[in-house]
Amino acid sequence: MPNIELRNVTKTFDEGKVLAVDDISLQISDGDYVFLLGPSGCGKTTTLRIIAGLEEPTKGEVLIDGKNVKGIPPEDRDMGFIFQNFEIFQNMTVWENVTFGLEMRGFEESYIIKKAEEALSIVDLLKYSEEFPSIFGNPGLQKLGIARAIATGAKILIMDEPLGSLDPKVSKVFRHELRNLIKDLGLTAIHVTHNQEEALAIADKIIVMRAGKILQMGSPYNLYEKPESIFTANFLGETNFLQGFILKLLEDNKMVVWIRLGGPKITCGNNDGFNLDDNVIIAFRYEDVYLFPRNYPFEKSQYDWKDMEFFEAKLESSRFIGATKRFYLKLDSGDSFVSIKPGYYEENYSVGEYLKIAIHRKDIHIFNAPDDLEKELSLM
Amino acid sequence: MVNIELKNVDKSFRDLRALDKINLRIKDKEYFIILGPTGAGKTTLLKVIAGLVKQDKGKILFDGKDVSELTPAERNLGFMFENYALFPHMNIYDNIAYSSRVHARNPKQTKKIVDQVLMMTLLTGRNDSLPEEMSGGMKQRVALCRALMNLEQSKLLILDEPLKALDAGLRMSLRRELLLMAKSSQLQLTVIHITNEEEEAMMLADRIAVMNEGKIIQVGTPYEIYYQPRNLFVANFMSEINYFEGKYIHESPEIWNIHKESNKGDKLFSEIQEKSIAVPIDIGASSIFAGYANKNLFKKIQQNEDLLLIVRSNHMKIRLGNRIDQKKNALFGKIIRRKFMGVFYRFEVLVNINDSDKNIIVTIPASTEIHNKFREGIKVTVYFPKELGIIFKHPGKEVIREVLKLE
């Protein structure tokens, strides 16, 4: 059963001048569908190539099932490879594409036939065995790539932007097929992407990388609900950021943050590690912003409001985008933020109207303010 | 003023019909999106409007005047490409001023216009930065500035997948910036923007034209395209859908009891509903289902005619247990997969209709926390309000396979 472990892995290129991967350690358990996620140049592809044996680490160790795999070539690591550009042999039939690798490894014919039939049935392409790949669009080509990878009996799938060449519409449906297939076969899979939405949608575990380092790893839910940095909060999902400073530290471990330029005073958080007057950023997801009419009778409602923060903002505009509706709001102090609601949300608000904003305290995250928030958010 | 009209425009490349009888009107100051998959003909359409490709047949009118014989420069429009095409060795000012040099404007006049566009795009004071020092967002604004330099009299901006190369987070914020810029009182641009992302189209467009295989399938507001798609292709392109095949049955009193559940307060949605009629359909489940069909598309309908019912995954609702309410469009099943996706949870629910298994996709907002009750293996009822069911005449099994296929 494949467990993969990286211990203090560093990779430099160009005689040490370029630091691609900077002392990272991680563990991937058997049967996990893991994503390496980050903007271009973050080191995710180099990390994948190190796991696959396509690069040797400059420092550190790669262990598969507890065994150091230094010097073991990719073809002997029990891995199947799936590429963004499919790498399908156009001059071979569908069947030959799948059997080629098995023949090269010198398996017996009966075994090859059995494995190829199994793999092609799994991706539902067996009926096209005698055809050439040119009959397929991109999803078909990638299914063939998957069949080829699983026919070898590999227990680990290594995937470099496997959905990157598909039309966005197709990719949004196909990604669920890909996940279902991997889970049904019980494979361990490592998937590199820069697409955060794709990672959230189908990963068991996400490893967020930036500038050669791992910033955070965990389930999509944990990363989404408990981002440990402004970068992660911004990169996964859509988040509002407001700048302010700590006005008061409270006895119940909470604190009061005063949003800059005379904005609202917001009570939130866990004040461990924060000091009075610290400049901070408060962050909250678009979908965690609830909207009410200014005169909403909260006292008559049965709901318990005590863990919510309230303030007012002006509705600047709203936009229907299908599954969701976006409300663009502005504080009198000048900062803007966004609320999203389901697309069939009953909207009776007019542009220019002041609304009561409610946010659950548990949904407010607090970070130390960086020198330049805009730069931090631009993902450079 | 820029009103654009295309009349019966055809364009072929050898055997490939890239544009097939395109008729289109784009209004002054409109943000107009052309949406479709790769190979739909979007870029060809854009190039024909810009004058970079000449149509085989048909007319292109700008404010009523035929521009078919005019060069791109004479059409007086700004063009921004997917990769921005900035000169890497030139700073912001020179990149933007370059076209002025080509047009041989005097330096003083050039500086005045450059300063103006820099101010509009909030880049004032950044003149000396080189492209490599800029974030994706800044590069986009510089490219946009350059496109704006060409807009002397007319105010037509043409954007070829302008956000495609960017990371998701940045793309989202730049969409908003783009829209604010286009609609700003100084600019008030007419924009034609092509994309293959439905969400981008919905976020920006005043109106959307959905294209496929060289044809325009539907033109409408985001609401119309989403709630009243013209056919299965458009319905499917805008989101993940569930579909059910069935037959029309004569008006059954029971469908009128399916309560209105949604959108009472949404004026735009109500307007669309007024153009629709409720249609009962027998999909082989234990009760009769109902959805809405466009009145115009649904004039002559025969008893037992084959129909298709579409329900978007985010319009499907889910509740515990198997109390099937006869008044609801409801099916009983079991959750087989559950996945957190950020804003939404996505469920696959296995149901049985007419002795065959079917997976129903349901997405619900993750922030409501009711999702905690819905675990894999749990028995549930999935249902939808009839206002959110979309009914078409059955297009034939071949078409369904073609539209939904993943091969």
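A: Happy to! Keep in mind that this is a predicted model.

Q: OK, switching to chain B. What does the domain assignment give?
A: For chain B it gives domain 1 (4-227) and domain 2 (240-403). The centres of these two domains, taken over C-alpha atoms, are 38 Å apart.

Q: Now the largest nonpolar core: which residues touch the most other members?
A: The core has 111 residues, and the ones touching the most other members are B:I96, B:C145, B:I158, B:I281, B:L309, B:V382 and B:I391. Helix α5 (residues 136-149) of chain B gives the most to this core, with seven residues.

Q: Where does this core lie relative to domain 1 and domain 2 of chain B?
A: It lies between them, because domain 1 (4-227) and domain 2 (240-403) of chain B both give residues to it. As a general point, nonpolar side chains tend to be buried together in soluble globular proteins.

Q: Let's zoom in on B:I158. What is it in contact with, leaving aside neighbours within four places in sequence?
A: B:I158 is in contact with B:L46, B:I49, B:A50, B:L77, B:G78, B:F79 and B:I192.

Q: Strands next! Is β9 of chain B mostly covered or mostly uncovered?
A: Strand β9 (residues 207-212) of chain B is mostly covered, with five of its six residues buried.

Q: What does β9(B) pair with in the parallel sense?
A: Its parallel partner is strand β3 (residues 31-35) of chain B, over four bridges. One bridge pairs B:F32 with B:R207.

Q: And how does β9(B) run against β10(B)?
A: Antiparallel: five bridges join β9(B) to strand β10 (residues 215-220) of chain B, and B:N212 has B:K215 as its bridge partner. The two strands form a hairpin with two residues between them, and B:E213 in the turn has a positive phi of about 50 degrees.

Conventions. Residues are numbered from 1 along each chain as its sequence is written. Chains are lettered from A and ligands numbered from 1 in the order in which they are written. This is a predicted model: local features need pLDDT of at least 70, side-chain atom pairs count only at pLDDT 80 or more; totals for chains, interfaces and linings use all residues. Domain bounds come from an automatic or database domain assignment. A residue is buried if 20 or more other C-beta atoms lie within 10 Å of its own, exposed if 12 or fewer, and partly exposed in between; C-beta atoms are placed from the backbone. Two strands pair if DSSP finds at least two bridges between them. A nonpolar core is a set of buried Ala, Val, Leu, Ile, Met, Phe, Trp, Tyr and Cys residues joined through C-beta atoms within 7 Å. Two residues are in contact if their C-beta atoms, placed from the backbone, lie within 7 Å.
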